[in-house]
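Open the model in your viewer and keep the selection panel at hand.

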Amino acid sequence: MGPVKEINVELDQNTLGIVLRTFTYMRDHFDDPNAWDPAAQMISLDDINQILQKMTPYQNSGESPVVIPMNFHSWVNYTGLLHAVSNKIPQRDKRDYEILDDLLVKCGEMDNAGLVPTGPQVSKKTGA
């Protein structure tokens, strides 16, 4: 099996809403050190906007679950933001933190199984 180019992320509407609210909060509080630390995750405001633009059209689509295709860059942004979630980011329900944590665990399992998109390949001969 060759490198994975794209993955389909499947989320029900409730989970998608939680993710979108959380990522929107992170975008809206990008420069607030009391909310989260984007520099620690090496995520830019553009990265957050790109993942929000990718995911938002699926909200209220009438479909559940929704299937969101992600390439390497989208996957890195999605999982990076999930890694950055903390209890400083308000949620509507305390179970929302568990849902986000479960998503992160699932992402790790998929990564460990080699099911996620891979980045640019480095040539072993040239190093480029």
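The model is predicted: local features need pLDDT of at least 70, side-chain atom pairs count only at pLDDT 80 or more, and totals for chains, interfaces and linings use all residues. Residues are numbered from 1 along each chain as its sequence is written, and side-chain values use heavy atoms, leaving out hydrogens and water.

Select the whole chain. Five helices and two strands are there, in the order β-α-α-α-β-α-α from the N terminus. Helices (H or I, at least four residues) and strands (E, at least two) are DSSP runs, numbered from the N terminus. Along the principal axes, the C-alpha atoms fill a box of roughly 50 × 35 × 25 Å.

Colour by burial next. Of the 128 residues, 38% are buried (under 20% relative accessible area, 1.4 Å probe, protein chains only).

Now select H1, residues 13-28, and H3, residues 45-55. How are the two packed? Their axes are 10 Å apart, at an angle of about 155°; axes are lines fitted to C-alpha atoms over the stretch in contact, and angles run from 0 to 180 degrees between N-to-C directions. H1 is therefore roughly antiparallel to H3 (over 145 degrees).

Finally, show side chains at the contact (heavy atoms within 4.5 Å). On H1, select Leu 16, Val 19, Leu 20, Phe 23, Thr 24, Met 26 and Arg 27. On H3, select Leu 45, Ile 48, Asn 49, Ile 51, Leu 52 and Met 55.

Key: Angles under 35 degrees count as roughly parallel, over 145 as roughly antiparallel, 65 to 115 as roughly perpendicular and the rest as oblique. Buried means under 20% relative accessible area, exposed over 50%, partly exposed in between (1.4 Å probe, protein chains only).
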